[in-house]
Amino acid sequence: YDCMDDHAGFDSNAADMLASEDELIRASDLTVVTSRRLRERVADHARVVVDVPNACAYEHFATARRGGEEPVAPGAEARRPVIGYFGAISAWFDFDLLRHAVRSHPEWDFVLIGSTWGAPDHADLLAAANVRFLGELPYDELPRHLATFDVATIPFCLTPLILATSPVKFYEYLAAGKPVVASRLPELE
């Protein structure tokens with residue numbers, strides 16, 4: 001069983017699904033986990049547990065190193081810094097942190113890529129002049145957008161779900177050579 005998330009942390013999962021997962025763990029010859037917290041969660045009822053940290057398709061995201069920077073002509077207005085994020089934007093996304101950054105830095109552009117299914121109300125951010133929600137985009141398009149980020153972010157609330165997360169996007173951002181600002185996630189320490 002490939003255990004990548006603490007499924008109890010998703011609001012959409014019911015008790016019977018979680019019981020089914022526990023049965024799957026007990027029945028599996030091997031359970032693979034991506035974080036220390038997931039190991040702790042499954043250790044009591046897994047036969048064998050192996051830690052396999054997340055990674056990414058390096059070559060796919062390394063292409064972002066070779067694009068996205070448009071030269072600014074002499075005398076032209078400088079390009080505004082782009083603070084970016086891609087991935088699911090849901091209940092665990094720290095909208096309050098984003099609001100604070102957006103208000104504190106109107107001179108920065110915030111670009112968010114991903115589905116907002118399950119997200120709390122964020123109409124104020126949709127209306128903000130320096131915020132763009134691009135929606136969910138095809139995987140093949142992500143490096144092109146990542147190339148335009150000056151800083152890549154992982155602004156997550158520290159919920160039980162997130163504390164057990166090893167975000168793949170961290171490795172994708174690093175493959176592109178981007179500086180990353182993230183919430184203090186145990187797997188990133």
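This is a predicted model: local features need pLDDT of at least 70, side-chain atom pairs count only at pLDDT 80 or more; totals for chains, interfaces and linings use all residues.
Trainee: Let's go to charges, then. How many salt bridges does the structure hold?

Mentor: There are eleven salt bridges in the structure. As background, side chains of opposite charge can pair when their charged atoms come close.

Trainee: Which residue does Asp22 meet in a salt bridge?

Mentor: Its partner is Arg41, with an N to O distance of 3.6 Å. This pair links distant parts of the chain, since Asp22 sits in helix H1 (residues 15–27) and Arg41 in helix H2 (residues 36–42), 19 residues apart.

Trainee: Are those two buried or exposed, or partly exposed?

Mentor: Asp22 is partly exposed, with a relative accessible area of 22%, and Arg41 is likewise partly exposed, at 25%.

Trainee: What about Asp51, which residue does it form a salt bridge with?

Mentor: Asp51 pairs with Arg39, and the closest N and O atoms of the two are 2.6 Å apart. Here too the pair links distant parts of the chain, with Asp51 in strand E3 (residues 49–51) and Arg39 in helix H2, twelve residues apart. Asp51 counts as partly exposed at 34% relative accessibility, and Arg39 counts as partly exposed at 32%.

Trainee: Where do Arg79 and Asp150 lie?

Mentor: Their side chains meet in a salt bridge of 2.8 Å, N to O. Arg79 lies in the loop between helix H3 (58–62) and strand E4 (82–86), while Asp150 lies in the loop between helix H6 (142–146) and strand E7 (151–154), so the bridge ties together parts that are 71 residues apart in sequence. Arg79 is partly exposed, with a relative accessible area of 33%, and Asp150 also counts as partly exposed, at 26%.

Trainee: Which residues do salt bridges with shared partners join into one network?

Mentor: That network consists of Asp96, Arg99, Arg103 and Asp124.

Trainee: Switching to the surface, which residues make the nonpolar patch?

Mentor: The patch is made by Leu30, Val48, Val50 and Val52, and it covers about 280 Å². Val50 has its place in strand E3 and is partly exposed, with a relative accessible area of 32%. Patch residues need over 30% relative accessible area, so Val50 passes that cut-off.

Trainee: Last topic, the largest pocket. What is its volume?

Mentor: The largest pocket has a volume of about 500 Å³. It is lined by 26 residues, and those closest to its centre are Tyr85, Gly87, Ala88, Val168 and Lys169.

Trainee: Which element gives the largest share of that lining?

Mentor: Helix H8 does, with three residues. Strand E4, helix H7 (160–163) and helix H8 (168–175) each supply at least two residues of the lining.

Trainee: How do the lining residues divide into nonpolar, polar and charged?

Mentor: The lining of the largest pocket has 16 nonpolar, six polar and four charged residues.

Terms used
Residues are numbered from 1 along each chain as its sequence is written. Side-chain values use heavy atoms; hydrogens and water are left out. A salt bridge is a side-chain nitrogen of Lys or Arg within 4 Å of a carboxyl oxygen of Asp or Glu. Helices (H or I, at least four residues) and strands (E, at least two) are DSSP runs, numbered from the N terminus. Buried means under 20% relative accessible area, exposed over 50%, partly exposed in between (1.4 Å probe, protein chains only). Patches are made of residues with over 30% relative accessible area and no salt bridge: like charges are joined within 9 Å, nonpolar side chains (Val, Leu, Ile, Met, Phe, Trp, Tyr) within 5 Å. Accessible areas come from the Shrake-Rupley method with a 1.4 Å probe; for residues, only the protein chains shown count as cover. On a 1 Å grid over the protein atoms alone, a cavity is a set of points where a 1.4 Å probe fits but cannot get out, and a pocket is an open set with protein on both sides within 12 Å along at least five of seven lines; lining residues have an atom within 4 Å of a point. Grid points are joined across faces, edges and corners, and a volume is the space filled by probe spheres set on the points. Ala, Val, Leu, Ile, Met, Phe, Trp, Tyr, Cys and Pro count as nonpolar, Asp, Glu, Lys and Arg as charged, and the others, Gly among them, as polar.
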